[in-house]
Amino acid sequence: MKIACVGGGPAGLYFSILMKRQDPDHEITVHERNPAGSTYGWGVTYWGSLLDKLEAGDPESARAVRENSVRWRDGVAHIGDRTTTHHGDEGFGIGRGRLLDLLAERARSLGVRVEFEDEVADTAALPDADLVVACDGVHSGVRGRHAAHFGTEVALGRNRYIWLGTTKVFDAFTFAFVETPHGWIWCYAYGFGDDRSTCVVECSPETWTGLGLDRADEAEGLARLEGLFVKLLDGHRLIGRATAGGSAQWLNFRTLTNRTWSHGNVVLLGDAAHTTHYSIGAGTTLALEDAIALAAALGTRTGSGSESWSGTGSGSGRTALAPALAAYEKVRKAELLSVQSAARHSAQWYESLPRYIDLPPAQMFALLGQRHSPLLPYVPPQLYYRLDRAAGRLESLRRLKRWLGPKLARTLHGSSTGKG
């Protein structure tokens, strides 16, 4: 099969690896618009369950990712002058650029062509291919050419955020909430290497304008944020871009859904298909899981032999694709429902921060960990905290919580179950 992946992010690269492992005769090209070694963002997070899935798909990729990641177990929250620590599950961080380099190197070793500075915004400009995988991000040019067919919808979050780096190396996943005369501003920070950490700053639009961040250039804005988070940073600087060119931008998060994920021989993957709020730290994991599911669907529905494909880009070849693409979409949409619900409630928790910020630190941090719950917005915070503590001791309450939470989520978001 001849495959063109438009976009050289984790999803496209890992999909190409899996397909080459299924059948070395597949002809696969990854078209990446940016130069080699150029990427946005800093570090990405994931949890151990992803490593297990990578190990099953390609042990060599899994080993390289594990060896180039940093680990943490603790979560720390600084709330004004108060601090609390939670000992939780093991988490991992890896530089986005390092992850891409590892996956690109592995893909090339298997015979994938990885072409940099090769922008493809329209499938008509692609070489004739049996399958075109649109993995070119939330602003996908390939998807945009058929937006009406895909049923693309975008909802903007209320809060403003900016994605930064810092030379301060954090050994725990760290939250810091700082009160200003214009409201609270906060950050999520985590290490991803020996000398760098990611620092995502967020605040309400009122705080953003009140602090003058809407009018500040990048240097002024970074200096202002360094002053606000001076205790957290310990004298270290904030950095606006991981690579040269451009500047870090304040954004509203774009929650993107699509009614359908395929059109003829074009299929959506990763952020081109769906996005989930960054506060749950799942974007890269979900993109890689998409790649795993698509490769599995193609292997199951079409068989591994190239004889399953009659004619590059031919009508019969596209007919053979349809069941596999439909199966991939069905599986991933079902798996994403709970994650998308958790992401919506996580974003809502931060947009409703004044509801929780005055709680005792341990309670506030506990509810921060419960922010994915569909029950939390409808129960007074201190009552929810007491009920959650009791549920940890009583099996009957745990069963009630497990039953009521998803039921409420389906009721509140039933209209979105057809999207992905």
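**Strand pairing and its surroundings**

Gly43 has Gly95 in E5 as its bridge partner. The model is a predicted one, in which local features need pLDDT of at least 70 and side-chain atom pairs count only at pLDDT 80 or more, while totals for chains, interfaces and linings use all residues. Residues are numbered from 1 along each chain as its sequence is written, and side-chain values use heavy atoms, with hydrogens and water left out.

The strand that holds Gly95, E5, covers residues 82-95 and runs antiparallel to strand E3 (residues 43-47), to which five bridges join it. Strands (E, at least two residues) and helices (H or I, at least four residues) are DSSP runs, numbered from the N terminus; two strands pair if DSSP finds at least two bridges between them. E5 also pairs with strand E4 (residues 70-79), in the antiparallel sense and over nine bridges. In that pairing His86 of E5 stands opposite Gly75. E4 and E5 form a hairpin with two residues between them, and Gly80 in the turn has a positive phi of about 65°.

A separate description covers an open sheet of six strands, in the order E6-E2-E1-E7-E15-E14 and with mixed pairing. Strand E6 (113-115) and strand E14 (262-263) are at its edges; each has a single partner strand, so one side of each is left without a neighbour in the sheet. The partner of E6 is strand E2 (residues 27-31), with which it pairs in the parallel sense over three bridges. Thr29 stands opposite Arg113 in E6.

Helix H1 (residues 10-22) lies across strand E1 (2-6), E2, E6 and strand E7 (131-134), and runs at about 170° to E2. Axes are lines fitted to C-alpha atoms, for helices over the stretch in contact, and angles run from 0 to 180 degrees between N-to-C directions.

In the loop between E6 and E7 is Glu117, which has a positive phi of about 50° although it is not a glycine. Most residues other than glycine have a negative phi. Glu117 is exposed, with a relative accessible area of 62%. Exposed means over 50% relative accessible area, buried under 20%, and partly exposed in between (1.4 Å probe, protein chains only). Asp234 also has a positive phi, near 55°, in a residue other than glycine. The loop between helix H9 (230-233) and strand E12 (238-239) holds Asp234, which counts as exposed at 54% relative accessibility.

The packing reaches into a core. Leu131, counting no residues up to four places away in sequence, touches Met1, Lys2, Ile3, Ala4, Phe15, Asn265, Val267, Leu298, Leu321 and Leu325. Contact here means heavy atoms within 4.5 Å. Leu131 is listed with Ile3, Phe15, Val133, Leu269 and Leu294 as having the most contacts inside the largest nonpolar core, which has 65 residues. Helix H10 (residues 283-302) supplies the largest share of this core, nine residues. Apart from it lies another core, of 29 residues, including Tyr161, Phe175, Tyr190 and Phe253. A nonpolar core is a set of buried Ala, Val, Leu, Ile, Met, Phe, Trp, Tyr and Cys residues joined through side-chain atoms within 4.5 Å.

H10 also contains Thr300, which counts as exposed at 66% relative accessibility. Thr300 and Ala327 are 27 residues apart in sequence and 9.7 Å apart in space, C-alpha to C-alpha.

Helix H3 (residues 59-67) packs with helix H4 (residues 96-109) at an angle of about 155°, their axes 10 Å apart. H3 is therefore roughly antiparallel to H4; angles over 145 degrees count as roughly antiparallel, under 35 as roughly parallel, 65 to 115 as roughly perpendicular and the rest as oblique. The crossing of H3 past H4 is right-handed, meaning that the near helix is turned clockwise from the far one by less than a right angle, with anticlockwise being left-handed. On the H3 side Glu60, Ser61, Ala64 and Val65 meet Leu99, Leu102, Leu103 and Arg106 in H4.

For the chain as a whole, there are 14 helices and 15 strands. Buried residues make up 51% of its 420 residues. Of the contacts between residues at least 6 apart in sequence, 72% join residues at least 24 apart.
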